[in-house]
Amino acid sequence: MKYLITILTLFFFTATLAQATLEYTLEKGDVFVVQQNAEQTIIQEMDGAIHELTNNMNGVLEFKVIDENEDTYAIDLTFKDLNLLMVSNIQGELLNVKANEIIEGDVQSQIFNSLLNTPVHLILTKTGDILEVNGGDSLVIKMANASGIEDEFSRNLLKKGLEKEFGSKALSESYKQLTFIYSDRFVDTGDTWQNEYSGKLNAKNTWTLTSLTKDKATINGKADVELSSIDSGTKMNLSGVQTTEIQTDVTTGFILEMIVAGETQGTSTIAQLGEQQIPTRISSKITYKLIN
């Protein structure tokens, strides 16, 4: 009888691991520190000439749970570090900023240093959808003030540019890629589910729970994506695919590691060249890793 009980217990335990309600299960005071590394290559071709722009970004993000409700969590997102490098094969180095290092007289270093240690506030559902972001617009004003630019017209142009990356709406759209990964229903190993998010990047995702243990869930994602942006006189309209590999902590639902790779192609236009269509493609890879 003892052996039968052991076998039945093992069977029940194994069956339980094969199925779960995957979601965020957080508590007030929880803190998650994430290392983010991103590589992006933009290639434009015109009359046989190639312009290649390479962007590298790495940073440290802190997510702190400041309140919990029945269906949502209030979270403070804080940039703890941010380093940016932008290089053109034609123009050379365009941007090289280490936010933790202020260089006297360097406007860019002053702007990005002001980004650090100023939280913005997220409302996160148990599936990872971000319902609301507050504080991003105030952060943009702080960054513009840190520039030291006094001319109102120039300050407004700077704010417009910063809003596209660090405004409340932009941050909500950007970090859904990191958080919005769960189904609102019970799933078994091998099951799939869909969700989508929109913004500068529109993604229609299909997720698959590929494995589940008592500690960790492994989820793979495939998405059809569309990229539409207007920046400094350049318009891009691209489409392609994105793949995601995720490992999450079963207890909290928070990611342990995530790798997002994308390939898109289409056309872009530059204001100085009128409506001429420039073939354009973008390759990107972003890695998030929990480090605390």
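Modeller: A polar contact here is a pair of N or O atoms within 3.5 Å; within protein, one must be able to donate a hydrogen and the other to accept it. The model is predicted.

Biologist: Which side chain makes a polar contact with the side chain of threonine 118?

Modeller: Leaving out residues up to four places away in sequence, threonine 118 touches Leu77, Thr78, Leu139 and Lys142. A polar contact of 2.5 Å joins the side chain of threonine 118 to that of lysine 142.

Biologist: Is threonine 118 buried or exposed?

Modeller: Threonine 118 sits in the loop between helix H2 (107–113) and strand S6 (120–125). Buried means under 20% relative accessible area. The relative accessibility of threonine 118 is 18%, so this residue counts as buried.

Biologist: What separates the C-alpha atoms of threonine 118 and serine 138?

Modeller: The two residues are 20 apart along the chain. Their C-alpha atoms are separated by 9.7 Å.

Biologist: How many nonpolar residues does the contact of H3 with H4 have?

Modeller: From H3, Gly136, Val140, Ile141, Met143, Ala144 and Asn145 meet Arg155, Leu158, Lys159, Leu162, Glu163 and Phe166 in H4. By class, the contact has two polar residues, three charged and, as the number asked for, seven nonpolar.

Biologist: What is the hand of the crossing where H3 passes H4?

Modeller: The axes cross at roughly 135°. The crossing of H3 past H4 is right-handed.

Terms used
Residues numbered from 1 in each chain as written. Predicted model: local features only at pLDDT ≥ 70, side-chain atom pairs only at ≥ 80, totals over all residues. Heavy atoms only, no water. Helix = DSSP H or I, 4+ residues; strand = E, 2+ residues; numbered from the N terminus. Buried < 20%, exposed > 50% of the residue type's maximum accessible area, 1.4 Å probe, protein only. Contact = heavy atoms within 4.5 Å. Axes fitted to C-alpha atoms, helices over the stretch in contact; angles between N-to-C directions. Left-handed = near helix turned anticlockwise from the far one by under 90°. Nonpolar A, V, L, I, M, F, W, Y, C, P; charged D, E, K, R; others polar.
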